[in-house]
Structure formats: C-alpha cells, structure tokens
Amino acid sequence: DDWVDDTKEFAAWHQLFNWEDIRALKGKAGDEVLKTDPPTFGVVTSFESSWRMPELLTWVDKDTIIIVDESHKIKSHSSTVTKFLLKLRKNAADALILTATPQNKGYIDFFTQFKFIDVLEWSTLTRRDWLNKFAIEEVKDRGGYPVKEIIGYKNIELLKRTIARNSIQQKRDPNYDLPEDMLIKFKLKSAKHSPYYSIKRDSIYEYKDGEIEMYESSGALYAAMKRAFLGFGGRRGEVIDTQRIDKLAEMLEADGTRWVIFYNFNVELRELKKLMEKMGRPYSEYNGSVKDLTNFKEKDNGVVLVNYGSGATGLNDFVLSNKMVFYSLPRDYITLVQAKGRIDRIGQTQKPLYYYFVTAGTIDVINYKRLRDGKDFDEELFKELMSWEQTRL
C-alpha cells in the first residue's frame, strides 16, 4: 500500500500522467483487476502473490517497466518466485531492482538479480558459465552425496566493475551518526541443571505437571533448545527463567521513549504483552495476525512488538524510534540486516541503537557470532554441532 500511495503522490507532485488507477493486487484476485476497461495503469503486488497470478504474463508488455523492491528475494535461481519473475521480465520493456542487501553469500547472489535487469556483460552467460568464469568451487560430501560448493571467487576486479557499472549506490552522509550495536549477555541460572541441557542431551522436556514432550526432528529440537535459553519450557511456553523480560523491563523503565522489539515465538509475544500491560506502556503488534501500529505511532512512549516474518522488511514507520531490541535472534543474516534497516533509513534523525539479547553457553552465542560475521545459522550447521556434541565425553 505504501508503493501505491507514494507513486500517486509522486505523479501528482510532478504533474505526470494520471496514476489514479494504480492498484494493489493481493491474493488470487488479480485477474478481475487486470481486465478493467480502461485497463489498469499500474499494479503493485507481493512476491507471494505475483506467481499465483499467471494473467500478469499477458498484462505485462513492451509498454511496461517492472520494479522489484527487496530484490535479494530473487537471488535464488531455483525458487518459484524467481522463475516466474524472470518469465515476466521477458515481456517487459525494462526493469529496475532495489535492495539494501544484494548479497550475503558472495558474488553469486548478484547473478540472478543482474540477469533480471539484463546486464549486458552477463546476458549470454548461463549460471554454469558464470560459475566457471568467476567462482572457485570444491566438491564436498553432503549426506553421502558429492556437492560442488563455492569457496571463493576469481576475476574479482571484473566482477566489481560490472557491479559498479550497473548499480546506483546510495552513499551515507559523512556527518551521519553511525549506528551502534550493544550486546546484553545472560547466563543459564541453574548451569548444567538447566532444562536447556536436558533438552539438548535427551531431546525431551518435562513440564512441571509431569507431562513429557519429545523432539524427534532436528528442527523441533532446535526450536525447543531456543525456547529454553529464552526462558520457556516446551511448546506451551512454561516460564522457566525471567532474566530477559526483567532486563527489558529495566531498560524500558529507564527510557520512556519509543522502542522497537523483535521476537520469533508466540510465547515471547505473550510475555512481552504481559510486561507492557504491567508497566502501563502503550504498545502495538505487528505479526501474522495483528498489524496495528496505532499506539506506537501516536504515543511518544509507544512500543511495537514485531515478528521477524511479518515486519523485518518493507515498513518505514519504525523510523519514529532509534532503539531496537532483538529479544531473540533470527537465523539468517539478511533478515537481521533488513530488520535493522527499519530504523536506519531516510527520516531517522537520531543515532540508531541496537540491543542484542544473547545467552552464554548455548547455541545462541554461535547464532550471534554467525550473524555478526554476515552468515546464516542454518539447520545443517545445527546438525553438525549436535553431532559434534555427541562425540564429547
């Protein structure tokens, strides 16, 4: 909706042709909108909706320009969205891509994005051609299968020149007060007797009422371990440690201005909401179920509780605050960068401050270090860590 509103405002301000019939397309309702008479002048849609509307393939023609915001989402050549957008691009006159995080796995992340905008230097290259020319690969064993992985790059100066020639990069104001990261560390209160370690060792959690919960997959085990070092036991989110919520309460008590707080689990949201109500602090939620920023925007001391999956990208309203807490961390680097960008953008007048909550002696530390180094904490790494732990005596 921001794209629709801003485009209309821009067109009116510059006395351009009438953009009043630009529309937002959501879900599978695109067909009717695209067949209006006179035809819709422009459309705005999400990545998730785009590929579900094949009628776009006939609507987009040589009078059309495609703008892809957050274009790092099409860096994967094999995703459904990328394949659809590349097909759509062939019908269009031109294309523009926008992103603050074009890559986190190296230059290969530029390949599909630059193919989308038809960069001349790479127009005739297949992905394999590009890898042969620019990547250093090594065959590694992954679950018993030989897999080629990129371990470095060659012809780097040529890569840099191609990227520079086809990009417009926004430079920071030299007087800009650079953001600051602050690490808030916690310790598991009961050391080796913490539920975190029993979950890690036995893949089970025993509730206070005696119910046993088992974790049979690595994904379920990871989630259980993460809930445990956040202070929650089991999927029910039994409270076993209040260090994080107590620290947050202390920080909010000391600073009565606006705050942005990111979280992963619904059990975190539950306790965060309890804290806001206990403190009498006006708050807003932004997640898959609730998207209401009223209190955050209208109250000088408003707090917004944001789920990564819903609010890490595309929102400009958080710039009203310069303080962000990562109550729990995401697993992938780009999500973190995008979340940070919600308060580090045009319109920010103060120094952005980021607070990372991390629990020592747990996989939380490894996750934090990976993100700090620009890398993801993925399931494969988690499996390797757990396997290594089993070899320790």
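Two strands count as paired here if DSSP finds at least two bridges between them, and the helices (H or I, at least four residues) and strands (E, at least two) are themselves DSSP runs, numbered from the N terminus. The model is predicted, so local features need pLDDT of at least 70 and side-chain atom pairs count only at pLDDT 80 or more, while totals for chains, interfaces and linings use all residues. Residues are numbered from 1 along each chain as its sequence is written, and side-chain values use heavy atoms, with hydrogens and water left out.

Strand S13 (residues 283-286) and strand S14 (residues 291-292) run antiparallel and are joined by two bridges, with tyrosine 286 having lysine 291 of S14 as its bridge partner. Four residues sit between S13 and S14 in this hairpin. S13 also pairs with strand S15 (residues 303-307), this time in the parallel sense and over four bridges; glutamate 285 stands opposite leucine 305 there. In general, strands of a sheet pair through backbone hydrogen bonds, either parallel or antiparallel.

In a regular strand, side chains alternate between the two faces of the sheet. S13 is covered on both of its faces, with Tyr283 and Glu285 buried on one side and Ser284 and Tyr286 buried on the other. Buried means under 20% relative accessible area, exposed means over 50%, and partly exposed lies in between (1.4 Å probe, protein chains only).

Next comes helix H6 (residues 108-116), which is mostly covered, with eight of its nine residues buried. Among them are Ile108, Phe110, Phe111 and Phe114. The buried residues of H6 pack against several elements, including strand S3 (65-69), helix H5 (80-89) and helix H8 (156-165). Helix H8 holds threonine 162, which counts as buried because its relative accessibility is 1%. Leaving aside residues up to four places away in sequence, threonine 162 touches Phe114, Val119, Glu121 and Trp122. Threonine 162 and valine 119 are 43 residues apart along the chain, yet their C-alpha atoms are separated by 8.4 Å.

Finally, a few backbone angles deserve a look. Most residues other than glycine have a negative phi. Aspartate 118, which follows H6, has a positive phi near 60°. Glutamate 70, in the loop between S3 and H5, has a positive phi near 55° and counts as buried because its relative accessibility is 11%. Serine 203 lies in the loop between helix H9 (195-202) and strand S8 (204-206); its phi is positive too, near 60°, and at a relative accessible area of 21% serine 203 is partly exposed.

Conventions. Contact means heavy atoms within 4.5 Å.
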